Amino acid sequence: IPDVSSSIPGGATPTPAPVPVTQTVCHPTADDGLWCFALLQNNAPDYFENISAQVTLFNTSSEAIASQTAFLPLDILPPNTSLPVFAFFPNAPAGVTMQIQILSAVPSNGAGYLSASLNNIVTQIGWNGLTAKVSGEIYLPAESKAATQTRIAAVAYDKGGQVTGLKIWDGGSMQPGEKAVFSFQVASLGAAIDRVEYVIQSR
């Protein structure tokens, strides 16, 4: 999971648009850290931009012990799509609970984003389920404008449907009508990977 500490949106809306949170989960790391995810579902016909959320951890006495602002792996949440906001907490004690509050979510018509698509995707889950090798093609339609940035968010889920891993892949520029090949690996932070879902952003 790459560092997104520099990818902070410019401002938060006073009243964020309603974006349902469908699950929250935290995965401990070997160095006593905690990766926390909250899965957001966009059921609206519009895109959402500038999504941020406050993730707060509470101890067994219901006292707030840590809080961070969490962001999506992409700049947008397209219609009929789920993506998690995420945050890492170092030195987190055992037995904490997580609470999330949406800080900003701005409806958008998706202007400035291009209709790139993912084709021929192959997902190869490792024998122990802890990694998945993914590959495929990105296609930018001939009638599109040129893309200066292409990004894929690959979200791994376990058999119970909980987020268990996330990988952000950054591609370069693309010309209209061009195909680009991608290949990378997604690792699980918890249970074995059952499936991987993909969302692309091109602008």
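Buried residues account for 44% of the 203 residues in the chain. The model you are looking at is a predicted one, so the values here are computed from its atoms.

**Overall fold**

Let's start with the chain as a whole. It holds 13 strands and zero helices, and from the N terminus on its elements read β-β-β-β-β-β-β-β-β-β-β-β-β. The C-alpha trace spans about 60 × 45 × 30 Å along its principal axes. How does the radius of gyration of the chain stand against that of a compact globule, and what is its value? For 203 residues, a compact globule would have a radius of gyration near 17 Å, and the chain, with 17 Å, agrees with this.

Contacts across the sequence are worth a look too. Of the contacts between residues at least 6 apart in sequence, 69% join residues at least 24 apart. As for the surface, the chain exposes about 9,900 Å², and carbon and sulfur atoms supply 49% of that area.

Three strands in the order 8-9-12 make up an open sheet with antiparallel pairing. Strand 8 (117-125) and strand 12 (179-187) each have a single partner strand and stand at the edges, so one side of each is left without a neighbour in the sheet. From one strand to the next, the twist averages 15 degrees.

Within this sheet, strand 8 runs antiparallel to strand 9 (residues 131-139), and seven bridges join the two. To find your place in the pairing, look for isoleucine 125, which stands opposite alanine 132 in strand 9. In general, strands of a sheet pair through backbone hydrogen bonds, either parallel or antiparallel.

**The disulfide**

How many disulfides does a search of the whole structure find? The search finds one. It joins cysteine 26 to cysteine 36, with an S to S distance of 2.1 Å. Cysteine 26 belongs to strand 1 (residues 21-28) and cysteine 36 to strand 2 (residues 34-42), so the pair ties together parts that lie 10 residues apart in sequence. The torsion about the S-S bond of cysteine 26 and cysteine 36 is about 110 degrees, which means that the disulfide is right-handed.

The cut-off for buried is under 20%.

**Two serines in strands**

Serine 82 sits in strand 6 (residues 81-89), and serine 52 in strand 3 (residues 47-58). Serine 82 is buried, with 16% relative accessible area, and serine 52 is buried as well, with 5%.

| Residue | Residues touched |
|---|---|
| Serine 82 | Leu39, Leu40, Gln41, Leu77, Tyr157 and Val199 |
| Serine 52 | Thr69, Ala70, Phe71, Ile102, Leu103 and Ser104 |

One of the residues touched by serine 82 is Leu39, while those touched by serine 52 include Phe71. How far apart in space are serine 52 and serine 188? They are 24 Å apart from C-alpha to C-alpha, and 136 residues apart in sequence.

Conventions:
Residues are numbered from 1 along each chain as its sequence is written. This is a predicted model: local features need pLDDT of at least 70, side-chain atom pairs count only at pLDDT 80 or more; totals for chains, interfaces and linings use all residues. Side-chain values use heavy atoms; hydrogens and water are left out. Two strands pair if DSSP finds at least two bridges between them. Helices (H or I, at least four residues) and strands (E, at least two) are DSSP runs, numbered from the N terminus. Axes are lines fitted to C-alpha atoms, for helices over the stretch in contact, and angles run from 0 to 180 degrees between N-to-C directions. A disulfide is a pair of cysteine sulfur atoms within 2.5 Å. Buried means under 20% relative accessible area, exposed over 50%, partly exposed in between (1.4 Å probe, protein chains only). Contact means heavy atoms within 4.5 Å. The radius of gyration is taken over C-alpha atoms; the globule rule is 2.2 Å times the number of residues to the power 0.38. Accessible areas come from the Shrake-Rupley method with a 1.4 Å probe; for residues, only the protein chains shown count as cover. Lists of a residue's contacts leave out its neighbours within four places in sequence.
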